[in-house]
Amino acid sequence: MVGRRLTEPRRRPGVPVARVLGCGLLVLLAGCTEGAPSTLDPAGTGARRVAGFWWLLFGISAAVFVVVMALLTWALAFRRRPHRRAGATDPIRFVVVAGAGVPFVVLLAVYGVGLRDLAALGQPTEPPAVTVDVTGHKWWWEVRYPGVAGATANEIHIPVGEPVRVRLRTVDVLHSFWVPQLMPKTDLIAGKVRETWLRAERPGRYRGQCAEYCGLQHAHMAFQVVAQPRAEFDAWLARLAAPAPAPASDAERRGQQAFLQGTCAACHTVRGTSATGTVGPDLSTIGARWSLGAGAVPNDGGHLGGWIVNSQTVKPGNAMPPQPVDAAALPDLIAYLESLR
């Protein structure tokens, strides 16, 4: 019809409440993964300082929220009452004191506490008892102890209650060393040696993670810090320095021959044998490690067989190509590697 104005139905502005609540619920559930490391569950001296500072900021934020909501409620209630004339300087004084003076004092105090904690995180209060050299690779962690011939991967053992110096290097791209329950992040920068320190207050296994995006398998570049009593740590360090155990069964002996005569020995080391490759991790204690592929899959026979045959199906992009291992020799090779502890 001529002259008739067509109008579209009005759309309600904003995002539906259900969608907002759903997104919030997903965020909360993402932080509730069982066993996930949390800075708010500190087990080390450094992480405890970070957690304390976090709770301080949380408390201040909560107090500010309560005060603002109280003032808003008072203002809404005040508007319903008959208008009262206030002194001309009252609102200005209130804004200056509450809006500028109080925040300045609070922020200055928080800044001072932050500087104190930064200084405390820079160096331990006592000389380090142990030094660990950690090198970041794409995508795994090489761990060595000065003066000890052996090396391990993706697993750092430390004595409980003693400060440990950690020297950090990278041989490729930038990485970041982070153990949330023990210490804040420290970035690894090419061409530089960075340092941090760890001090675990109780025995346990604490997950660490690369916290700097470093490529395709950044998410699978995890490690564990194993904090143990001093006697257990010394025994573990002695095992790390010793040659790998000799095969104890016929299957293990056949597996060792398959390892040494195949392509594995070109890239990996097994101490006490002719395998001295340095491209990949030292496998002298692989049977005792917590995972394969720096947290990609559990360390068991089934996953180990899949990793040997074609690790690209497990962790695409890693440096290990598919291996031409005969199907009949694979069980023996798995048995041999699992015996290396």
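Arg-169 is partly exposed in this predicted model, with a relative accessibility of 31%; partly exposed covers the range between buried, under 20% relative accessible area, and exposed, over 50%, as computed with a 1.4 Å probe on protein chains only. Its side chain meets that of Asp-133 in a salt bridge, at 3.6 Å from N to O. A salt bridge is taken here as a side-chain nitrogen of Lys or Arg within 4 Å of a carboxyl oxygen of Asp or Glu. Helices (H or I, at least four residues) and strands (E, at least two) are DSSP runs, numbered from the N terminus.

Residues are numbered from 1 along each chain as its sequence is written. Because the model is predicted, local features need pLDDT of at least 70 and side-chain atom pairs count only at pLDDT 80 or more, while totals for chains, interfaces and linings use all residues; side-chain values use heavy atoms, with hydrogens and water left out.

Across the whole structure, 14 salt bridges were found. Side chains of opposite charge can pair when their charged atoms come close. One of these bridges links Arg-116 to Asp-117, with the closest N and O atoms 3.1 Å apart. Asp-117 is buried, with a relative accessible area of 6%. Arg-116 and Asp-117 are also part of a salt-bridge network together with Arg-49. A further salt bridge is formed by Asp-250 and Arg-253, whose closest N and O atoms lie 2.6 Å apart. Both residues belong to helix H5 and are separated by three residues, about one turn of the helix. Asp-250 is partly exposed at 48% relative accessible area, and Arg-253 is partly exposed at 41%.

Helix H5 (residues 250–261) also packs against helix H8 (residues 330–339), at an angle of about 95° and with the axes 7 Å apart. H5 is therefore roughly perpendicular to H8, a class that spans 65 to 115 degrees, whereas angles under 35 count as roughly parallel, over 145 as roughly antiparallel and the rest as oblique. Axes are lines fitted to C-alpha atoms, for helices over the stretch in contact, and angles run from 0 to 180 degrees between N-to-C directions. The residues of H5 that meet H8 include Arg-254 and Phe-259, and those on the H8 side include Leu-333 and Tyr-336. Contact means heavy atoms within 4.5 Å.

An open sheet of five strands, with mixed pairing, has the order E4-E10-E9-E6-E7. Strands E4 (155–159) and E7 (183–188) stand at the edges with a single partner strand each, so one side of each has no neighbour in the sheet. Neighbouring strands are turned by 20° against each other on average, direction ignored. Two strands pair if DSSP finds at least two bridges between them. Strand E6 (residues 175–179) and strand E9 (residues 204–210) run antiparallel and are joined by two bridges, and Phe-177 stands opposite Cys-210 in E9. Helix H4 (residues 230–241) packs on the sheet, where H4 touches E4 and strand E10 (222–228), and the direction of H4 makes about 135° with that of E4.

Overall, the chain contains eight helices and twelve strands. Of its 341 residues, 35% count as buried.
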